[in-house]
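Here are my notes on this model, as numbered points. Please keep the structure open beside them.

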2 protein chains.
Amino acid sequence: MHFTSHQVLDDGLAERHFTLGEIPGILWTPGTVTAPLILLGHPGGLDGMYPRLLGRARSSAALGFASATIELPGSGSRPGLPGVDAARRDLRHAVTAGKPVGDDIVDRLITPLIEQSVPEWSRLLDALPDIDGPVGYSGGILAIGVRLALTEPRIVAAGLFAGSYVPASTFDEARQVTIPLHVLLQWDDEGNDRQMALDLFDAFGSAEKTLQASMGGHRGVPAHAGEDTARFFARHLRR
Amino acid sequence: MHFTSHQVLDDGLAERHFTLGEIPGILWTPGTVTAPLILLGHPGGLDGMYPRLLGRARSSAALGFASATIELPGSGSRPGLPGVDAARRDLRHAVTAGKPVGDDIVDRLITPLIEQSVPEWSRLLDALPDIDGPVGYSGGILAIGVRLALTEPRIVAAGLFAGSYVPASTFDEARQVTIPLHVLLQWDDEGNDRQMALDLFDAFGSAEKTLQASMGGHRGVPAHAGEDTARFFARHLRR
């Protein structure tokens, strides 16, 4: 891990950009204190996502938590993934034409992202300095969150966003997840199937899981839903 | 309205029991300050419900809100409602026998409770002293909450519990409700139909509505879900 910049924002939040091998990322820490950490998932494209990621990092810092994120494989400045890009085009064509999105498209789009990104998040946890405490994972592509919740033992709680297509294998994995979950659902999310989201919530094996559904479309998550997610992490990451 | 007792609890919460005509009730106020008010709905039986109602009143008082409740028609010390009691027995028999609960049973059980109790809650609002500010309604029998949300203009926000049988007319009323709603759903509620609860949530006409589903049965609402409901009221009742 190589830090490429370090600045302290006006509210005291330290922001450090880094590269992890060839992967760019950002670490936010409240002061110099070691802290529990929330991994900030996102749909890819760190530059475009920066304002929203910073907002989430500020919310985490208000609870005393550090936040970190890395670029997704194939997004932003990272080398493209031709198969994933082709699947994304196929998905867009299907949605535009009002056709159902076939399982094969979802598999070609999501499965390579899961398989490449999940080890990268673990690699980030190995490399991060000054992080002392349990780890949460929040947001991003749903199927990646499910795989991380199932396979990365340092992640003890996950806030997931029911806003992504998932391969059938994700349902099998969801049944084996046992960590506490807080799932946000946008009730009128234009790009997603509400029943699929409810079925996936039902499938999770966790004894503590909460579904919080709010009105509006994919990007319309109300501020109070974000605050409730922050409190979920406060309950589970504070020792 | 006739106050029959007045005590200040150890945390400074004032508890006054009263009768409103023949209806017993309880008013809790934080100090002597006039305050926004939350009406505490419940399934009937003030004495048995008292510990949980007091807990809800304490949560409201922590936000600076008064709370008030009245006995339901046919419950506790009030005269019985033979038709409602018979319908309740029929419902219990159907559930015990594993049979579907027919619409006629739900109508005979719930419709008289709506029709008698809704004017009583309004009468309570007319009679309560020292209440200055908007009113919320929380919990209790779902169909009563829907009717109150639709017809009592002093109620500006409602926290509903998706844990009751509702007559078909409640769906029609739900479509006309426009005030902000926060709906709690217990995902594995033994006595209720989850799909019905989701359909009713979908039906509400309110531009701001949140569904918060937690694990567990009817009485297993986790503490954090109650806290999120309190924050919902804080957003909507504070001026």
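1. **A salt bridge within one helix.** Start with A:Arg88 and A:Asp85, whose side chains meet in a salt bridge at 3.2 Å, N to O. Bear in mind that this is a predicted model. Both residues lie in helix H2 (residues 82-96) of chain A. They are three residues apart, about one turn of the helix. A:Arg88 has a relative accessible area of 27%, so it is partly exposed. A:Asp85 is partly exposed as well, at 28% relative accessibility.

2. **A salt bridge between chains.** A:Asp202 pairs with B:Arg194, and the closest N and O atoms are 3.2 Å apart. A:Asp202 sits in helix H6 of chain A and B:Arg194 in helix H6 (residues 194-203) of chain B, so this pair joins two chains. The relative accessible area of A:Asp202 is 37%, which makes it partly exposed. B:Arg194 is also partly exposed, with 26%.

3. **A salt bridge between two helices of chain B.** B:Arg108 forms a salt bridge with B:Asp90, with the closest N and O atoms 2.9 Å apart. This pair links distant parts of the chain: B:Arg108 belongs to helix H3 of chain B and B:Asp90 to helix H2 (residues 82-96) of chain B, 18 residues apart. B:Arg108 is partly exposed at 33% relative accessibility. B:Asp90 is partly exposed at 29%. Elsewhere, A:Asp228, A:Arg231, B:Asp228 and B:Arg231 are joined into one network by salt bridges that share partners. Over all chains, the count comes to 30 salt bridges.

4. **Size of the interface.** How many residues does the contact take from chain A and from chain B? It takes 21 residues from chain A and 20 residues from chain B. The area buried between the two chains is about 1700 Å². Carbon and sulfur atoms give 56% of that area. On the chain A side, A:Trp187, A:Met215 and A:His224 lose the most area to chain B. Together they account for 29% of what that side buries.

5. **Polar links and make-up of the interface.** Between chain A and chain B the count is four salt bridges. Ten residue pairs are in polar contact across the interface, both residues being at pLDDT 80 or more. Three elements of chain A give two or more residues to the side that touches chain B: helix H6 (194-203), strand E9 (209-214) and helix H7 (223-237). E9(A) provides the largest share, six residues. By class, this side has seven nonpolar, seven polar and seven charged residues.

6. E9(A) pairs with strand E9 (residues 209-214) of chain B in the antiparallel sense, over five bridges. Within this pairing, A:Thr210 stands opposite B:Ser214 in E9(B).

7. **A covered strand in chain A.** Strand E8 (residues 181-186) of chain A is mostly covered, with six of its six residues buried. A:Leu181, A:Val183 and A:Leu185 point one way, and A:His182, A:Leu184 and A:Gln186 the other way. E8(A) pairs with strand E7 (residues 155-161) of chain A in the parallel sense over four bridges. E8(A) also pairs with E9(A) in the parallel sense, over six bridges. A:Val183 takes part in both pairings: A:Val183 is the bridge partner of A:Leu160, and A:Val183 stands opposite A:Leu211 in E9(A).

8. **A buried serine.** A:Ser138 lies in strand E6 (residues 131-139) of chain A. Is A:Ser138 buried or exposed? A:Ser138 is buried, because its relative accessible area is 10% and the cut-off for buried is under 20%. Leaving out residues up to four places away in sequence, A:Ser138 touches A:Ile38, A:Leu39, A:Leu40, A:Gly41, A:Arg56, A:Gly159 and A:Phe233.

9. **A buried glutamate.** B:Glu120 lies in helix H3 (residues 103-127) of chain B. B:Glu120 counts as buried, at 9% relative accessibility. Its side chain makes a polar contact with the side chain of B:Arg78, at 2.8 Å. Apart from neighbours within four places in sequence, B:Glu120 is in contact with residues including B:Leu20, B:Ile23, B:Ile70 and B:Pro73.

Technical notes: Residues numbered from 1 in each chain as written. Chains lettered and ligands numbered in written order. Predicted model: local features only at pLDDT ≥ 70, side-chain atom pairs only at ≥ 80, totals over all residues. Heavy atoms only, no water. Contact = heavy atoms within 4.5 Å. Buried area = accessible area lost by both parts, 1.4 Å probe. Polar contact = N/O pair within 3.5 Å; in protein donor to acceptor, adjacent residues only side chain to side chain. Nonpolar A, V, L, I, M, F, W, Y, C, P; charged D, E, K, R; others polar. Pairing = 2+ DSSP bridges. Buried < 20%, exposed > 50% of the residue type's maximum accessible area, 1.4 Å probe, protein only.
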